[in-house]
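Please consider the following note alongside the coordinates.

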Amino acid sequence: MSNPSLAPTRELKLYRRPISFWWWLDRPAYFKFVVRELTCLFVGAFAILTLLQVRAVGEGPEAYAAFAAMLASPAGIGFSVLAFLAAVYHTVTWFPAVQTTIVLRVGEQRVPGSVITGAHMAGWLVVSVVVAYIVLRG
Amino acid sequence: MAETIRLEVSRYRPEVESEPTLQSYEVPYNKDWVILDALNYVKNQIDGSVTFRWSCRMGVCGSCGMMANGEPKLTCAVPLTDYDPTQPIRIEPLQFFPVVRDLVIDMSSFLEKLSNVKPWIIRDDVEATEAVEFRQTPVELDAYKQFSMCINCMICYSACPVIGLEPEFTGPAAIALAQRYNLDSRDKGKEERMDALDAHEGLWGCTFVGECTKVCPKNVDPAGAIQLYKMGSATDYLKSMLLPWGTK
Ligand code: SF4
Ligand code: FES
């Protein structure tokens with residue numbers, strides 16, 4: 001205790017409850033939080049994969065063909081599906097949280113949080129459509 | 001026979017036991033009662049040795065926070081009718097704090113964290129004793145009003161797993177109160193407070209679980225305050241790196 005004025009007048013025999021290793025199962029919100037944090041691993045791995053893909057492009061047609069074959073393998077597709085689900089989960093749980101981090105005012109009125117989250121969701125949709133168009137155009 | 005409900009109250013008597021046990025009490029299931037009334041019934045009618053804190057009974061003093069069925073609650077604000085009378089309500093001391101006795105926790109770590117963030121108006125141009133008036137517009141008041149509603153009940157600390165895992169973490173209410181003064185147009189102490197908060201166990205200990213905001217009985221939104229604080233700190237840092245005239 002560094003602040004003597006806050007110290008108890010006599011020694012107390014305090015009971016300190018141990019924190020269980022399973023604390024993240026105590027409340028649904030903790031669980032959702034831990035899952036959201038873990039989705040980062042997939043998002044990060046996907047980013048690394050994309051960098052490797054760019055390198056393969058730089059290494060010429062054979063290297064790229066081998067890389068594309070690896071991505072098209074069952075393991076490659078499985079990973080992509082997992083990474084996609086992880087990214088969707090992360091986004092869907094993150095955007096509602098974003099509204100508490102941004103205070104926007106129009107004149108004297110604070111922009112409601114639902115508008116901020118809605119704008120993020122709409123932006124996400126637009127970007128997804130554009131990317132899907134570019135990728136699927138053939 | 002009138003309806004009753006069972007309270008399972010955590011008892012810790014340091015002179016006789018080394019860890020808490022649950023003790024069961026049958027109390028009337030009075031529709032007008034809050035949990036605190038039921039506990040006071042136990043204390044007055046059944047067992048005077050049950051120890052807990054309370055004062056105002058109206059959600060103002062912040063002293064009656066406890067865990068009810070594992071959820072941190074302001075017990076004077078939660079009606080018994082929120083619970084099914086056929087199931088017991090488990091009442092325990094606020095989680096993540098050391099227990100002094102029964103339902104009483106040791107709050108000295110919180111008080112220390114609170115005083116570290118200097119939750120008062122800081123200015124060096126006036127003496128504290130001087131009678132001066134600083135006017136504020138409704139918009140200026142609005143900037144911090146929500147964060148000023150905090151009653152220091154520590155319920156948010158009991159919902160924050162970071163407090164459990166890293167007890168040094170400054171925690172939701174103290175950061176929200178620091179932000180309350182930072183956002184006050186009369187205050188000039190932002191940088192001084194930042195010294196205490198721009199550390200791993202300060203602001204950046206928060207991983208944004210967001211439970212503090214959900215459990216706060218006063219709608220303070222400490223999670224929002226912390227994220228705003230982080231944004232402010234990060235933008236100040238970027239400005240000081242990128243702009244020749246810094247943050248001034
Ligand atoms: S922020 Fe809310 S929950 Fe936390 S101490 Fe203040 S009033 Fe209580
Ligand atoms: S007794 Fe004061 S807040 Fe509950």
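1. Basis. The model is predicted: local features require pLDDT of at least 70, side-chain atom pairs count only at pLDDT 80 or more, and totals for chains, interfaces and linings use all residues. Residues are numbered from 1 along each chain as its sequence is written, chains are lettered from A and ligands numbered from 1 in the order written, and side-chain values use heavy atoms, with hydrogens and water left out.

2. Sheet. Chain B contains an open sheet of five strands, ordered S2-S1-S5-S3-S4, with mixed pairing. Strands here are DSSP runs (E, at least two residues; helices are H or I, at least four), numbered from the N terminus, and two of them pair if DSSP finds at least two bridges between them. S2 (21-28) and S4 of chain B each have a single partner strand, so one side of each lacks a neighbour in the sheet. From one strand to the next the twist averages 35°; axes are lines fitted to C-alpha atoms, for helices over the stretch in contact, and angles run from 0 to 180 degrees between N-to-C directions.

3. S3 (residues 65-68) and S4 of chain B run antiparallel and are joined by four bridges. Two residues lie between these strands, and B:Asn69 adopts a positive phi near 50°. B:Met67 has B:Pro72 in S4(B) as its bridge partner. In S4(B) (residues 71-74), B:Pro72 and B:Leu74 form the covered face, whereas B:Glu71 and B:Lys73 form the uncovered one.

4. Other neighbour of S3(B). Two bridges link S3(B) to S5 (residues 89-92) of chain B, again in the antiparallel sense. Here B:Met67 stands opposite B:Glu92.

5. Helix packing. Helix H1 (residues 35-46) of chain B packs on the sheet and touches S1 (4-11), S2, S3 and S5 of chain B, contact meaning heavy atoms within 4.5 Å. The direction of H1 makes about 95° with that of S2(B).

6. Cavities. The structure holds three cavities of 30 Å³ or more. A cavity is a set of points, on a 1 Å grid over the protein atoms alone, where a 1.4 Å probe fits but cannot get out; lining residues have an atom within 4 Å of a point.

Notes: Buried means under 20% relative accessible area, exposed over 50%, partly exposed in between (1.4 Å probe, protein chains only). On a 1 Å grid over the protein atoms alone, a cavity is a set of points where a 1.4 Å probe fits but cannot get out, and a pocket is an open set with protein on both sides within 12 Å along at least five of seven lines; lining residues have an atom within 4 Å of a point. Grid points are joined across faces, edges and corners, and a volume is the space filled by probe spheres set on the points.
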